[in-house]
Amino acid sequence: MTENTLRQPVEIQFKTELDALLGHDETLKLLKPDHWLLSPQAVVLYLIGGKTHDGTLISAKYIGQRRLIETAVATLATDRALLLLGVPGTAKSWVSEHIAAAVSGNSQQLIQCKRSLKDALELKRTMT
């Protein structure tokens, strides 16, 4: 990381929690999809927050409906595409970054597609 870096990647910032969740998975013998770092249950715990089997506190990365995160993780676990839609400021990029870190161990390889404000306004106009 350079001195111009605004913040560390989440897999570095939350390394202690991710390591605790790896141990959680191993102890409870939770199944993981091929090539996943953590089990789907651990990914949800990582995002929503709570405690591991040994009492390690996992901070909440997403404050909202647990069911949304469970559905997103289940979608990815069943090898389907996931598209997060919403107005700006609803934690789409934040959630995708944390899911990437928990699933692959690397949050720095994200695909983001953003419309320009002009395109979004035109789309809204044509839909109404």
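In this predicted model, the lining of the second largest pocket comprises 8 nonpolar, 2 polar and 1 charged residues. The residues concerned are Tyr62, Leu68, Ile69, Ala72, Leu84, Leu85, Gly86, Thr90, Ala91, Lys92 and Val95. Two elements, α4 (66–77) and α5 (92–104), each give two or more residues to this lining. The largest share comes from α4, with 3 residues. The space in the second largest pocket amounts to about 200 Å³.

The helices α2 and α3 pack against each other through a contact in which Glu17, Leu18, Leu21, His24 and Asp25 of α2 meet Ala42, Leu45 and Tyr46 of α3. By class, the residues of this contact are 5 nonpolar, 1 polar and 2 charged. The axes of α2 and α3 come within 10 Å and cross at roughly 150 degrees. The crossing of these two helices is right-handed.

Leu38 lies in the loop between α2 (15–28) and α3 (40–48). Leu38 counts as buried because its relative accessibility is 0%, and the cut-off for buried is under 20%. Apart from neighbours within four places in sequence, Leu38 is in contact with Leu18, Leu21, Leu22, Asp25, Lys32, Val43, Ala102 and Val103. Among these partners of Leu38, Leu18, Leu21 and Asp25 also take part in the contact of α2 with α3. Between Leu38 and Ala101, the separation is 63 residues in sequence, and the C-alpha to C-alpha distance is 9.5 Å.

How values were computed: Residues numbered from 1 in each chain as written. Predicted model: local features only at pLDDT ≥ 70, side-chain atom pairs only at ≥ 80, totals over all residues. Heavy atoms only, no water. 1 Å grid on protein atoms, 1.4 Å probe; cavity = no way out; pocket = protein on both sides within 12 Å on 5 of 7 lines; lining within 4 Å. Points joined across faces, edges and corners; volume = space filled by probe spheres on them. Helix = DSSP H or I, 4+ residues; strand = E, 2+ residues; numbered from the N terminus. Nonpolar A, V, L, I, M, F, W, Y, C, P; charged D, E, K, R; others polar. Buried < 20%, exposed > 50% of the residue type's maximum accessible area, 1.4 Å probe, protein only. Contact = heavy atoms within 4.5 Å. Axes fitted to C-alpha atoms, helices over the stretch in contact; angles between N-to-C directions. Left-handed = near helix turned anticlockwise from the far one by under 90°.
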